[in-house]
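The following questions and answers examine one protein model, element by element. Please consult the sequence and the structure shown here.

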Amino acid sequence: GLQPEKEYLMKKVPTYAATEYIASIDKNRIVCWYGEGKGFWAKNPYVWCNPLYQAYVNFLEIKTPQQLSQRLKEINVSYVLYEKRMQQPPLYGKKKAYSDKTTEYYFSSNQLMQAYLGSFGAKVYEDSNTEIYKVAG
């Protein structure tokens with residue numbers, strides 16, 4: 001039989017429960033989505049912050065947690081949705097997805113985000129796929 005939509009999404013979309021949690025806190029706060037950014041079901045406005053695919057939050061220019069904090073304040077980010085899979089190397093099947101230089105950039109950006117969250121974030125949610133941090137915004 002048919003499954004209720006919410007039940008289906010909870011099983012099939014790894015970040016769905018996290019997006020529901022943020023919406024339950026405050027639907028009007030901007031979220032920095034650090035990961036794949038499949039926010040179709042997100043009820044909050046969000047900024048996609050994947051370092052490989054966007055430059056709105058430009059990880060090539062941002063070098064310190066303080067600089068990242070300043071940028072996220074400029075764009076009024078209140079929460080960071082951190083996809084844990086960002087800690088793993090990007091792969092296509094069992095092959096490396098990117099050059100060594102790009103992979104190094106990927107990991108250095110992740111280290112920067114983790115340092116920022118450690119200094120400026122307060123974890124308010126965690127599940128097996130996602131962490132959510134409240135940040136000054």
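**Strand pairing, packing and burial**

Q: How many bridges join S6 to strand S7 (residues 130-135)?
A: S6 and strand S7 (residues 130-135) run antiparallel. Strands are DSSP runs of E with at least two residues, helices are runs of H or I with at least four, and both are numbered from the N terminus; two strands pair if DSSP finds at least two bridges between them. In S7, Tyr-133 is the bridge partner of Lys-123. The number of bridges joining S6 to S7 is five.

Q: On what basis do these values rest?
A: This is a predicted model, in which local features need pLDDT of at least 70 and side-chain atom pairs count only at pLDDT 80 or more, while totals for chains, interfaces and linings use all residues. Residues are numbered from 1 along each chain as its sequence is written, and side-chain values use heavy atoms, with hydrogens and water left out.

Q: In what order do the five strands form the open sheet?
A: The pairing in this sheet is mixed. S1 pairs with S3 in the parallel sense over five bridges, and with S2 in the parallel sense over three bridges. Tyr-34 has Tyr-82 as its bridge partner in S3, and Val-31 has Tyr-46 as its partner in S2. The order is S2-S1-S3-S7-S6.

Q: Which are the edge strands?
A: An edge strand of this sheet pairs on one side only. The two that do so are strand S2 (46-48) and strand S6 (121-126).

Q: What angle does the direction of H4 make with that of S3?
A: H4 packs on the sheet, where contact means heavy atoms within 4.5 Å, and touches S1, S3, S6 and S7. Axes are lines fitted to C-alpha atoms, for helices over the stretch in contact, and angles run from 0 to 180 degrees between N-to-C directions. The angle between H4 and S3 is about 130 degrees.

Q: Why does Glu-20 count as buried?
A: Glu-20 lies in helix H2 (residues 16-25), whose buried residues pack against helix H1 (5-12), S1, S3, S6 and S7. Buried means under 20% relative accessible area, exposed over 50%, and partly exposed in between (1.4 Å probe, protein chains only). Glu-20 counts as buried because its relative accessibility is 17%.

Q: Which side chain is joined to that of Glu-20 by a polar contact of 2.3 Å?
A: Leaving aside neighbours within four places in sequence, Glu-20 is in contact with Lys-6 and Lys-43. A polar contact is a pair of N or O atoms within 3.5 Å; within protein, one must be able to donate a hydrogen and the other to accept it, and residues adjacent in sequence count only if both atoms are side-chain atoms. The side chain joined to Glu-20 at 2.3 Å is that of Lys-43.

Q: What distance separates the C-alpha atoms of Phe-120 and Val-135?
A: Phe-120 is found in helix H4 (residues 100-120) and is partly exposed, with a relative accessible area of 30%. Not counting residues up to four places away in sequence, Phe-120 touches Pro-65, Gln-66, Ser-69, Lys-134, Val-135 and Ala-136. Phe-120 and Val-135 are 15 residues apart along the chain, and their C-alpha atoms are separated by 6.0 Å.
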